[in-house]
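Hi there,

Here is the structure I promised to pass on. Please have a look at it first, and then read my notes below.

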Protein chains: 2
Amino acid sequence: MSDDAALAWVERVATFCVDEWGLPPITGRVLGWLMICDPPEQSAGAIAETIGASRASLTSNMRYLTAIELIRRVRKPGDRTTYFRIEDDAWRKVVHRKLAGLSTFTTIARDGLDLTGDGPRSERIRAADASMSWLQKLATQDPPPAL
Amino acid sequence: MSDDAALAWVERVATFCVDEWGLPPITGRVLGWLMICDPPEQSAGAIAETIGASRASLTSNMRYLTAIELIRRVRKPGDRTTYFRIEDDAWRKVVHRKLAGLSTFTTIARDGLDLTGDGPRSERIRAADASMSWLQKLATQDPPPAL
DNA sequence: CAGCTGTTTCAGTAAAGACTGAAATTACTA
DNA sequence: TAGTAATTTCAGTCTTTACTGAAACAGCTG
């Protein structure tokens, strides 16, 4: 695997993250690189150099990714460097959180029906909620794949 | 239904659109208002006044929403005003497009496996793809609700 | 065709957000 | 405890993007 090819792939992952989830570019690059790097644990400095970002930027991005539990800090005794690795179920978490976000709308829809009563206006709200609930129900019924 | 209550509800829909889909606030407000307004057809000027945005902003937002087919232009003979109404299946379209976006990742994953070969590094890619494909498969198998 | 009423364009403003460099800080080592 | 190698903080820059006001434009009516 050439470095160029790897970085090109990382960039595609990053673009996907930016386009589909609205993540900042560097956040996406970190995720992409942590998916294919060897070894899977990488220091912030090494990542910064690889993807061409500042260390300052890495600090905030790693903190963010750690906070939402997509990556994990790894410390080694006798080494002041902190390493990071992607969580095994990182992408499953992302998918699940997106699905969970849909339930917000169900609440909004219910309150909307209270506002409009039971006329033709309620149909638009019902149709919207049906689309959201449909996907949510599917995801609840069928279990996600094991790791 | 008081106007205040309606506008508060519209704002919640807008916030949802901003948070979950990264739409601009005004775009979300337009969608929200078009869900509960009476009649369902509204002129750009009327919408602008209701949600407190400029007419210029409405022009671009309506063009955008029309382009992605979430709202529809309605013209009435003998009336120079153009009206807009939300598509009956607007939210279903949104959900489906989000799902379709996931397939992009399947392609990326496949190319990633070509890069990494069949070692431990490929596991991270496989796990990611499994989460995406899982949801996609579910959605393909079970039909969405009819309108 | 003139007049009115609505829409569109466009240049500019304002605000948000991502990113960086340099200084300060922390954490390990000897 | 001093030294060193990493991380973090922070102020500031730069880019992007949403939004607006005013002027130009388009469409219906008399």
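This is a predicted model: local features need pLDDT of at least 70, side-chain atom pairs count only at pLDDT 80 or more; totals for chains, interfaces and linings use all residues.

Two strands are taken to pair if DSSP finds at least two bridges between them. In chain A, three strands make an open sheet in the order S1-S3-S2, with antiparallel pairing. Strand S1 (42–43) and strand S2 (71–75) of chain A are at the edges with a single partner strand each, so one side of each has no neighbour in the sheet. S1(A) is joined by two bridges to strand S3 (residues 82–86) of chain A, and the two run antiparallel. Across that pairing, Ser43(A) sits opposite Tyr83(A) in S3(A).

Now for the chain as a whole. Besides its three strands, chain A has six helices, and from the N terminus the elements follow the order α-α-β-α-α-β-β-α-α. The radius of gyration of chain A is 20 Å, whereas a compact globule of 147 residues would have one near 15 Å. Along the principal axes, its C-alpha atoms fill a box of roughly 65 × 30 × 25 Å. Of the 147 residues in chain A, 33% are buried.

Two or more residues each come from helix H2 (25–36) and helix H4 (55–67) of chain A, and from helix H3 (44–51) and helix H4 (55–67) of chain B. H4(B) gives the largest share of this surface, three residues. Sorted by class, the surface near DNA strand C holds seven nonpolar, eight polar and four charged residues.

Finally, some backbone details. Most residues other than glycine have a negative phi, and most peptide bonds are trans. Against that background, the bond from Asp38(A) to Pro39(A) is cis, with omega near 5°, and Pro39(A) is in the loop between H2 and S1 of chain A. In chain B, Asp38(B) and Pro39(B) are also joined by a cis peptide bond, with omega about 0°.

Glu69(A) has a positive phi, near 60°, and lies in the loop between H4 and S2 of chain A. Glu69(A) counts as exposed because it has 12 C-beta neighbours inside 10 Å. For Glu69(B), phi is positive too, near 65°, and this residue is exposed, with 12 other C-beta atoms within 10 Å.

Best wishes

Conventions:
Residues are numbered from 1 along each chain as its sequence is written. Chains are lettered from A and ligands numbered from 1 in the order in which they are written. Helices (H or I, at least four residues) and strands (E, at least two) are DSSP runs, numbered from the N terminus. The radius of gyration is taken over C-alpha atoms; the globule rule is 2.2 Å times the number of residues to the power 0.38. A residue is buried if 20 or more other C-beta atoms lie within 10 Å of its own, exposed if 12 or fewer, and partly exposed in between; C-beta atoms are placed from the backbone. Ala, Val, Leu, Ile, Met, Phe, Trp, Tyr, Cys and Pro count as nonpolar, Asp, Glu, Lys and Arg as charged, and the others, Gly among them, as polar.
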